[in-house]
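Work through the following exercises with the sequence and the model side by side, and try each task before reading its solution.

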Amino acid sequence: MGASYLAVGWNRQKKIYDWFIFAFCALYLTTFIAVTALYNPDYTFETALIRSTATLAILLLHVILSIGPLTRINKKFLPLLYNRRHLGVTMFSVALIHGSFSMLQFHALGNVNPFVSLFTSNTQYNSVSQFPFQALGFFALVIFFLMAITSHDFWLHTLSPKIWKALHMFVYLAYFLVIMHVMLGVVQYETNPVLFVMVLAGAATLVTLHLVAGTKEVRKDNRIFKLKKEGFVYVCESQDVPDNCAKIFCIDKERIALFRFENKLYAIHNVCKHQGGPLGEGQIIDGCITCPWHGYQYLPQNGQSPPPFKEKVSTYIVTVEGSQVWLNPQPLPEGTERSGAAIIIPDKQIIENVQ
Amino acid sequence: MSNNEFYIGWMPKAPGGFARHTKKVIIALLILTITVGVLLAISQKKFGTGQFEFGQLTNITGVYFKEPVPAIKVMSGKDLLGRSAYITIPLIGYGKSGADGILLDLEKLQHVDLNKKEITLKGTLLYNDGKLLMQIDAADNPLVSVNKTAGENMLPLQKELGEQTIQGEIVDPKCFFGVMKPGEGKPHKDCAIRCISGGIPPVLKVTNKEGDCNYYLLVGAHGEKMNEAVKEFVATPVAVKAKVVAYDDWVILYVTDQKGISPIAGWQLVKPGSQAISCIARCIK
Amino acid sequence: MIKPLRKRHLQIWTALAVLLPLGIIGARIATPKFPAQTLLQPDAAKPLPDILKQREKDNYIVFIRSNPQRSAFQLEWLNKNPLTWPSATIYKVPKGSSVNKGILIGRIESRGTYRFTVDAAFEPEKLSTAQLILYDFIHEQIIDTINF
């Protein structure tokens, strides 16, 4: 969360995260190259480098793509999400080493420009086994490049979250391109099925995680609210909302987070202005609704980030009738202040609490 | 972990439950990283035994023959029965190019026809599985000396083996015999096409049931270069119909005609050579 | 995430659930098989029936063969692994002598079986005073020495 932009807003957990990324990458590259050298005394370092960076980038891509659904299935994975962008930039850097060395090795010192060579050496686009697989890797790398250079919050705000998210969803296309790059490339050469099995297992894991997490979300979105009056919708009983936490309701295609704070109920748009994190899965910390993804904060009373920050989300009107909570799904302009709906605590409960 | 625990990235420490879970995830990732690294490394196809004496120049004296491919024939002597031990070393250029251009330049510069003359060349050797090639680079001043015209005894021994159809894989000999590992197969296909396109003579790699290999040079029916014609058949199983001639220690395949090379099996979405594909290929080019 | 974005994610992964297995398995099925082919080289002579001597090394096995009458002799060289030298020629030399004093037997190339006709000097009794040298004449260095 920032009022101005820094290259990286370092904090302790980001530093720890980045050290782990570095250590894991170094461990993988060392392991791959050392075992290759041990098993293949005739190996060449260029090939070991091309292969180790390729497989590391794919491993990182699988980890990156599994973090999202894992956090939706189990919140304990949130620490992995916090600095996922650094993981993405690392993956791109590793893939870039692979791509650059491959271009040098396979296309440099020829009779045409290496980039022309990339697309014109093999033109068997009509064949499955002979398909020019390197072009697939190139386009995937272009997508990763665009994602890496726009990964900073500056670009998120400049491009708008909608465009930024749309651009970053191209990672799924890139993933497909990478898988086909491997399958139509090195798998056509290797005789040992290990790589094929790993690619298949990786894809199966990612598809399963995304479908499980996705259908779980769909179930939440498909709840039907039958009781309606004067623009308000009955959503729940007041005691259903835990203190300093929220319940999320999807009404008219929008998710609304209903927070309970100091025995009052406040509704705000569920989507964080930063990266679209689910605010309703956050908590109220120091009087601020705090996003579970990156810790962006908003005041429950008006949906505004506390000064000097400038983010604002839409707010909604809530009323409480007896124990029933009614919510108007018509959003108020972003940052609109409205009073919270006081929860009517039954006398019996007050007596019990006092006792 | 208490249900009330909440993780915020910018806080100095993660709550206990999150920290414990993250530690477990790190251990799982550690196991995954090492397992994937080891499994992928040991499952790689064995690297070839090709050698490229990068940075090491060697002088070779022998008789230069321009055809069927530029090569230098080096004698090591004769045995008691009068048989010669010699090695024919095809010549290739720097990078992804053939040696023809460099040799032509040398001939122009020295005002001499090098064909069938005993010469000393300086270059970089690359070799594998009994075949030796030499890279000559204009920057190394490769022509050390030009001696006399070779005697009749040095002329290539030719033995016609008839017309045959031979199955194998077309490779570029520079990469295959030493410069790259692997210098064959799909991952190397683009590079092989680029090398062959640059004038390096194509070679058909043939493998028997035991995994032993032979390597045959490919030329046109009349000994002309067919580098451009073989490009689309590189690194894929092919059948080559050719007149076979044992030419000293190399076998030369004089491919009967343009249709003498055909792919074996493989999924084709559109028939090779169809108008749609040639149009796409032209557009891409 | 907003609902349309969640929906798009699910649509994409539903599509990938179909496309990925199709692509992966299709590509695997399409992997080309390189056919085996009878080789033209080495064009070795037929082996003589009797094995008189045998030496086994990591990369090759060497046999001295003969006919039952001991009137013809053959050196059989079974090359098990690809050579990693520019050239490999076999010389027979008196024990302790250099290649210059040797007799050239022949050259080894790719993997396979090579048979060279040799003279009566390869009778087992006479071989005890000689040795075979595998020599790289390009780099002018001895690769290996074989004693019988």
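Predicted model: local features only at pLDDT ≥ 70, side-chain atom pairs only at ≥ 80, totals over all residues.

**Exercise 1: the two domains of chain A**

Task: Find how many salt bridges there are between domain 1 of chain A and domain 2 of chain A, and then describe the surface on which these domains meet.

Solution. Step one is the count: 2 salt bridges lie between domain 1 of chain A and domain 2 of chain A, where a salt bridge is a side-chain nitrogen of Lys or Arg within 4 Å of a carboxyl oxygen of Asp or Glu. A salt bridge to look up in the model joins the side chains of Glu217(A) and Arg255(A), at 2.8 Å from N to O.

Residues are numbered from 1 along each chain as its sequence is written, chains are lettered from A in the order in which they are written, and side-chain values use heavy atoms, with hydrogens and water left out.

Step three is the contact itself (heavy atoms within 4.5 Å), in which 13 residues of domain 1 of chain A meet 11 residues of domain 2 of chain A. The buried area, meaning the accessible area (1.4 Å probe) that two parts lose on being put together, summed over both, is about 1,200 Å² for these domains, and carbon and sulfur atoms give 47% of it. On the side of domain 1 of chain A, the residues that lose the most area to domain 2 are Leu81(A), Tyr82(A) and Lys220(A), which together make up 30% of what that side buries.

**Exercise 2: chain A against chain B**

Task: Determine how many residues each of chain A and chain B brings to their contact, and what area is buried there.

Solution. Begin with the residues, of which chain A gives 78 and chain B gives 70. Next comes the area buried between chain A and chain B, which is about 6,600 Å², with 63% from carbon and sulfur atoms. Within the part that chain A buries against chain B, Lys76(A), Asn126(A) and Tyr189(A) supply 12%, more than any other three residues.

Finally, apply the salt-bridge rule to this interface, where it finds 0 salt bridges between chain A and chain B.
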